[in-house]
Protein chains: 4
Amino acid sequence: MRPLRWGMIGGGEGAFIGAVHRMAARLDGRYQLLAGVFSSDAEKTRRSAVALGVDAARAYPTVEAMIAAEARRPDGVEVVSVVTPNHMHYPQSAALLDAGIDVICDKPLTTSLADAEKLVKLAASKQRLLGVTFNYTGYPMIRHAKQLIADGLVGKLRVVQVEYPQGWLATALEKTGQKQASWRTDPKQAGAGALGDIGSHAFQLAEFVTGEKVSEVAADVSAMVPGRVIDDNVNVLLRFANGARGSLWASQVAIGHLNGHRLRVYGEKGSLLWFQERPEELLVCEAGQSPQFVRRGDPGTPNSSVALPGGHPEGFIEAFSQLYTDFAERVTARIESRSPKAASLFAPDAVTGTRVMAFIEAVLKSGQANSAWTKI
Amino acid sequence: MRPLRWGMIGGGEGAFIGAVHRMAARLDGRYQLLAGVFSSDAEKTRRSAVALGVDAARAYPTVEAMIAAEARRPDGVEVVSVVTPNHMHYPQSAALLDAGIDVICDKPLTTSLADAEKLVKLAASKQRLLGVTFNYTGYPMIRHAKQLIADGLVGKLRVVQVEYPQGWLATALEKTGQKQASWRTDPKQAGAGALGDIGSHAFQLAEFVTGEKVSEVAADVSAMVPGRVIDDNVNVLLRFANGARGSLWASQVAIGHLNGHRLRVYGEKGSLLWFQERPEELLVCEAGQSPQFVRRGDPGTPNSSVALPGGHPEGFIEAFSQLYTDFAERVTARIESRSPKAASLFAPDAVTGTRVMAFIEAVLKSGQANSAWTKI
Amino acid sequence: MRPLRWGMIGGGEGAFIGAVHRMAARLDGRYQLLAGVFSSDAEKTRRSAVALGVDAARAYPTVEAMIAAEARRPDGVEVVSVVTPNHMHYPQSAALLDAGIDVICDKPLTTSLADAEKLVKLAASKQRLLGVTFNYTGYPMIRHAKQLIADGLVGKLRVVQVEYPQGWLATALEKTGQKQASWRTDPKQAGAGALGDIGSHAFQLAEFVTGEKVSEVAADVSAMVPGRVIDDNVNVLLRFANGARGSLWASQVAIGHLNGHRLRVYGEKGSLLWFQERPEELLVCEAGQSPQFVRRGDPGTPNSSVALPGGHPEGFIEAFSQLYTDFAERVTARIESRSPKAASLFAPDAVTGTRVMAFIEAVLKSGQANSAWTKI
Amino acid sequence: MRPLRWGMIGGGEGAFIGAVHRMAARLDGRYQLLAGVFSSDAEKTRRSAVALGVDAARAYPTVEAMIAAEARRPDGVEVVSVVTPNHMHYPQSAALLDAGIDVICDKPLTTSLADAEKLVKLAASKQRLLGVTFNYTGYPMIRHAKQLIADGLVGKLRVVQVEYPQGWLATALEKTGQKQASWRTDPKQAGAGALGDIGSHAFQLAEFVTGEKVSEVAADVSAMVPGRVIDDNVNVLLRFANGARGSLWASQVAIGHLNGHRLRVYGEKGSLLWFQERPEELLVCEAGQSPQFVRRGDPGTPNSSVALPGGHPEGFIEAFSQLYTDFAERVTARIESRSPKAASLFAPDAVTGTRVMAFIEAVLKSGQANSAWTKI
């Protein structure tokens, strides 16, 4: 299978998430980075192109310039990753889709539910992929959990406890000039704080693994650090459409946690537990039995696209890479006019991204209404 | 120090919690069981007395009979444990206090807040102890946690996550005739379900360790098992008087858990994590440092009254025994007209028991009001 | 069942292991402490008797005096625990057995293999119990492990890795006057160091659980702390009679460990892992499956004599108490001229104690022969 | 920094370790794969080249052909990875070094100590790198451990316990035609079994982290699976030059383990524990303190070349990639006539590879001499 011709918006010098996207794509080996608008600063873009081995002629000052120039080439880019600040995701993704280019967009998809819904329609009408990198769905043991539940292991869903605590914003780090802290605590740039950054992952993972939908939320949205003007701790009660109950906790002030993303699912027949910092492990319990400590590589577990033997730990980038593999499969299948492999459909797209925007808006609304139950 | 002359109401043949109280008292060695009303069935009481090495003449048919007869003896009982069904706690404890006898009552203290408040007053006016066995407060590492927080390790409290999941009622066990399941799922006998049985422990532990008070709750109270008429899963948002936030989860349908009581406390300077099934361990994290894995026996940790060296695991009964040791110290100090040792004041009493009743009532009220915030 | 009339040699004021024996016996409830020689100092013995609620008339200055006086009473003691320093175990146990009294002896049974063999014969000829408190055999999950192996879960034994690291003697604590450190590092009082104190437990547990016998050892016996004249770190290769291989490590200089006793057993069909500091858990793996995380209380697991529900942690004393329960059953069965319950035969006796002495002697011999393989 | 021009010997279709090397190099981004002899079958080599995006003209039938042709190009390869079967490592590495090409060789370096020693000399005389991918040295927390020990955290080394258990060869998998099992259990192809494959890693890691040398070994070398003619379980006693003691266990029949590589180091002042399946964690204990649970990303910990934030798990490939980063730095430094960055010197080379061959030979010799102590 030939590599896809790949472009990138954002991700220039010093950008964290852009580098992650590139490592993920490289691990997969199905993408060839050929063009980009790596920065809003044209000089930086040029320097980044050189560093990345991209032909300087294909380092563009604007998205529009890139779209126009690449369209004129027989070997123009086919798929473009958007890794710019959140508020740019919408216009850039829209422009690319409009030009018939498949898009891989970093999360969140947009900064408003309305924009997200427009992108869903646009992608559908253009018949192009708009993948969104909710990366935790790429972990093999998360996919195993999803499959076990789909196969009936937990039975009717009853309780979901999901959380994503971090500790890095326990002080007013944003006042020290730290870049990540600054934009993530600025409501104009980030929209929501802990809720948008990590609560969104927690919500999405819960729905992804269980296959059930949250129907309403009751939320307590707080800013714990004095002077902070955006949420840094969110406690949410969840009600699922099927009657299940649960809670979600996202925090950036939970000292001691790095990325303590944890999902626990209980049904009438069994339960599952997964912890992101030990992503190769899954605790599975069927009613009337002792819990099983399942590891990638154990009989019945799936492998990732990276395909390391079990016990040789795969991690964050490998999971991210799995999404790139899935996106490549979906784009390639379209190009080749065939159905993509079923597994590639697990990778999140604009519909997922839109669902998450709806969740964020509902939580904020409930928070403003003193935790009143609010429909998603 | 001479052993206290001890009596027991309840705890006859086959009773679980009565046996635990006796093991706890025996481990401590400061109690001599001399009298009792071990059952409402006089014949059972007599058989139990024999099995327990209690003089048959001091095995009484009723509490009133015991009080009257023991009062006439120079060596009558000084302290009595009440381990009867919940609805009997109030009248029996009241009668004993009224007669000037110190009381150790199993939790919950009563089945209504009003009754609990009456007992607080009665104990105060009679100047007698009314200890309540919220046993998790007896674990050495829980006391260490409380002390670390009192010493400022976590700083201003911000977030508390506390939970107590069990899985044993994931099916309608009560319909099989199982005795524990039957009375615990009967609203008349148990009052509340998971909330009263284990949610009460979770709440009490959170307030005990943090030293802060929950001011209001927003609760989702559910019965997950078809046909069950009492709560078996409760998700509660917590607001503390000092501004801290948190959540509490109690469940009897969480397959895979035995007694998964877990407390996590986060403040502006640090955090603490404790898990009941590994009670000798405490994870402590100060901001800017790696977490410390603290075990009983490590430098700076307190020991229990049982005083095993660290690494020789103490557990549930040892913690229970700690409360008996504390109660013995408080009763003995009163008899000897001296101040009790400070540590013995950690043991919960009627004020604690009343506070827990207030919590239960607030949660039920919030649950009936579609999770509206409700003051405690 | 009436309580056994019980006496104690050793265990006076301030004695650690004596207090453990008493707590274990009290938890069980089948022993009534009626007489004793609690110290070699008669005044201390008297004070201890008072503190323990023992009739001062039955606090004896010597073992001989106790044997003689108790023999004259219709209610003389039936079973006596020996918790004196190691070198006294032999003469005292012999004297008691000779007088027809059942004996419970702390480990090690003796300080020489020859003495131990004499006791085996004496106990047999007198038809009395000589129980030895290798207490780790009392843990419910250890008994579960033994049963699983007996039932064929691991198949033919292949590899055993057993260890018991501690860190408390990582410095020359014996030079500070610390009492435990002083006698345990004195070859005259202790015989062997880490080997005798904790290596003995590791060896005994391995044979107990697997049901297989170690046939020879190759040992590296070291004193790591400058100036120490007894072993504080022992690495031993093991060969079992059935062809299995393994290693044993005992250390008192392993900083960070409290009582890190750990046993791992591998056979042709499965494996087991147990760790003393989390004694309620057992990791079990059958070939071709994920490991199971088995906890006391899970289906199929046995309970202890204490009989707490699973998830309410039992620990060191409860395991110790199990041995006392077993000993009580065996003594009572003899008195009642019936067969003891099968489970009570798990409790270690003089044969076990003798086997451990043989191991210690073989290891020391191998150590002196530059780790040459040495038969047990 | 421009990418290095890279070639590969071995690693064609279906090869596991070759794919790992490529992923590691790609993650790093400093290597451009331009030429190769991907298989001994020329047709396979051609197909592999196409799949890997290598110019078919630079897919060579033999190493000699590649060396000759690439030498004639101005843009010939500068560094070549050797990922062929073990017995080919020596002649191929020698030929490449001889031609002035830097070499990255999969472990083991050779199949005999004598060959390894020749390669050390050849690399030195040619002033070229001969890196060997003992990949566990690339984990950030292993480097952190090495640094902590170099900084004196554990003090004088006393005890090392290192092990590498796997379970995949617990049955005679080699008789089923499974490819990995077949060559790894064939003495002609593999030299040693568990010892060479994984015991070598355990030994190398112990010396790497502690900075101390093993001076002699006493080994019990076994084949546990009936009919197997190579070792599948090795228990080794270790003596270090500085007087420290320890043991090493490597096993392929330890059911339940995937790649349970574990290192524990104890000194007079502290200890360290690391477990490969949770590679981002390190348990550190200083005497007189509770253990610290240190995670990559905690203050004071180093980052890897991949540079993910802590709590976003890095694993096996990332560690492997670290070695490629280090090798690239060392090769580039030579090309640029400057000193390489200090950290890059951590990466293992021919001297390390030779040391490991000496260990393997000593263990086999000791095993044949009934575990007699044997000098390395």
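Guide: Let's begin with a pair of side chains: A:K118 and A:D115 meet in a salt bridge, with N and O 3.6 Å apart. A salt bridge here is a side-chain nitrogen of Lys or Arg within 4 Å of a carboxyl oxygen of Asp or Glu. Both residues sit in helix α5 (residues 113–126) of chain A, and because they are 3 residues apart there, about one helical turn separates them. Helices (H or I, at least four residues) and strands (E, at least two) are DSSP runs, numbered from the N terminus.

Before we move on, a word on the ground rules. This is a predicted model, where local features need pLDDT of at least 70, side-chain atom pairs count only at pLDDT 80 or more, and totals for chains, interfaces and linings use all residues. Residues are numbered from 1 along each chain as its sequence is written, chains are lettered from A and ligands numbered from 1 in the order in which they are written, and side-chain values use heavy atoms, with hydrogens and water left out.

Now step back along chain A into the loop between β4 (102–105) and α5, where you'll find A:P108. A cis peptide bond links A:K107 to A:P108, with omega about -5°. Chain C has a cis bond too, between C:K107 and C:P108, with omega about -5°. There, C:P108 belongs to the loop between β4 (102–105) and α5 (113–126) of chain C.

In chain A, 5 strands make an open sheet, ordered β2-β1-β3-β4-β5, with parallel pairing; two strands pair if DSSP finds at least two bridges between them. At the edges stand β2 (31–37) and β5 (130–132) of chain A, each with a single partner strand, so one side of each has no neighbour in the sheet. On average, neighbouring strands are turned by 25° against each other, direction ignored. For such angles, axes are lines fitted to C-alpha atoms, for helices over the stretch in contact, and angles run from 0 to 180 degrees between N-to-C directions.

Look inside the sheet and you'll see β1 (residues 4–9) and β3 (residues 79–82) of chain A running parallel, joined by 4 bridges. A:G7 has A:V80 as its bridge partner in β3(A). Helix α1 (residues 16–28) of chain A packs on this sheet, touching β1, β2 and β3 of chain A, and its direction makes about 170° with that of β1(A). Contact, by the way, means heavy atoms within 4.5 Å.

Chain C has its own open, parallel sheet of 5 strands in the order β2-β1-β3-β4-β5. Its strand β1 (residues 4–9) pairs with β2(C) over 6 bridges, and C:M8 has C:G36 as its bridge partner in β2(C).

Some cross between chains. In residue terms, 42 of chain B are in contact with 42 of chain A. About 3100 Å² is buried between them, with carbon and sulfur atoms giving 53%; buried area is the accessible area (1.4 Å probe) that two parts lose on being put together, summed over both.

Chain C and chain B also touch, with 34 residues of each in contact. About 2700 Å² is buried there, 58% of it from carbon and sulfur atoms. The count of salt bridges between chain C and chain B is 2. B:R278 and C:E281 meet in a salt bridge through their side chains, 2.8 Å from N to O.
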